[in-house]
Amino acid sequence: MNKVYEKLMTCVESIRKRIDFQPEVALILGSGLGDYADEIQIEQTINYTEIEGFPTSTVAGHKGRFVFGYVNEVPVVIMQGRVHFYEGYPMSDVVLPTRLMGMLGAKKLILTNAAGGANFDFKPGDFMIINDHITIAIPSPLIGENIDELGVRFPDMSEVYSQRMRKIIKDTAEKMGIKMQEGVYMQFTGPAYETPAEVRLARTLGGDAVGMSTACEAMAAHHMGMEVCGISCITNLAAGMSTEKLDHKEVQETADRVAKQFKELITGIVTNI
């Protein structure tokens, strides 16, 4: 058996021993949204450390657990703290949680993140619907022996982010009076913030926002047939676009400032999906 798939199935069985729950929607919470999972109707929580072979997040402020429950009667599994490539894990471990939620039954994935705006039309506090991504700065999560049980060797990536789900996000936001930007997300490795030259590169290639997660998770989910959407919270203008120095504390402060509105939007999206 493929070693990556074997590890994945070990994690799946470890969770199934603890809970008999089939989610319809999976969510990965980015900075500022971590406590959203605490506000839903919780059935059970499982810490990452309780799952055999599971990679654990080392980022401060990330609780590091799965939350199983309901959002307006929709069964969900929420990843409260994601695993990042910059933490030193192989890419197969970074996307293992995404694949795991799909194996548990989730057919739809909502990805959220805090990102730097590479588009001069964006401002801190904006929300951006991800309509495509660029991943040349990171290794593909599909490199290596293909896991045939999950998907094909050469998956089509012409619509990673579902048009149907993007429309639902737009319609939901419009009804709630929330302005939405839309654009292309480019994932870099981190943990250092991007240089001004890298931000110019992203903009030249067509990127509107830059960050250190999400695109690899979207690729892995799309490969295994999940319907995917993504929303970035633009917490700052990226390096070289203003005179401000980039600081994680300020990024977190912006994410926290708009968190209430972001949570309301997520609830609306889950309900309407």
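**Angles, contacts and spaces**

Mentor: Helix 4 and helix 8 are oblique to each other. This is a predicted model, where local features need pLDDT of at least 70, side-chain atom pairs count only at pLDDT 80 or more, and totals for chains, interfaces and linings use all residues. Residues are numbered from 1 along each chain as its sequence is written, and side-chain values use heavy atoms, without hydrogens and water.

Trainee: Why are helix 4 and helix 8 called oblique to each other?

Mentor: Helix 4 (residues 163–176) and helix 8 (residues 259–272) cross at roughly 130 degrees, and their axes come within 9 Å. (Under 35 degrees is roughly parallel, over 145 roughly antiparallel, 65 to 115 roughly perpendicular, the rest oblique.) Helix 4 and helix 8 are therefore oblique. Their crossing is right-handed.

Trainee: Which residues make the contact of helix 4 with helix 8?

Mentor: Helix 4 gives Ile168, Ile169, Thr172, Ala173 and Met176, while helix 8 gives Glu264, Leu265, Gly268, Ile269 and Asn272. (Contact means heavy atoms within 4.5 Å.) By class, this contact has 6 nonpolar, 3 polar and 1 charged residues.

Trainee: Which residues of helix 1 and helix 3 meet?

Mentor: Val4, Tyr5, Lys7, Leu8, Met9, Cys11, Val12, Ile15 and Arg16 of helix 1 meet Leu96, Arg99, Leu100 and Met103 of helix 3. That contact has 10 nonpolar, no polar and 3 charged residues.

Trainee: What lines the largest cavity?

Mentor: Val4, Leu8, Ser92, Leu96, Arg99 and Ile147 line the largest cavity. (On a 1 Å grid, a 1.4 Å probe fits in a cavity but cannot get out; a pocket is open, with protein on both sides within 12 Å along at least five of seven lines; lining residues have an atom within 4 Å of a point.) Helix 1 (3–16) and helix 3 (96–103) each supply at least two of the lining residues. About 30 Å³ of space lies in this cavity. The count comes to 1 cavity of 30 Å³ or more.

Trainee: Which residues lie nearest the centre of the largest pocket?

Mentor: Ser31, Ala114, Tyr193, Met212 and His248, out of 25 lining residues. The largest pocket has a volume of about 410 Å³. Strand 5 gives the largest share of its lining, 4 residues. By class, the lining has 12 nonpolar, 11 polar and 2 charged residues.

Definitions and conventions: Axes are lines fitted to C-alpha atoms, for helices over the stretch in contact, and angles run from 0 to 180 degrees between N-to-C directions. A crossing is left-handed if the near helix is turned anticlockwise from the far one by less than a right angle, and right-handed if clockwise. Ala, Val, Leu, Ile, Met, Phe, Trp, Tyr, Cys and Pro count as nonpolar, Asp, Glu, Lys and Arg as charged, and the others, Gly among them, as polar. Grid points are joined across faces, edges and corners, and a volume is the space filled by probe spheres set on the points.
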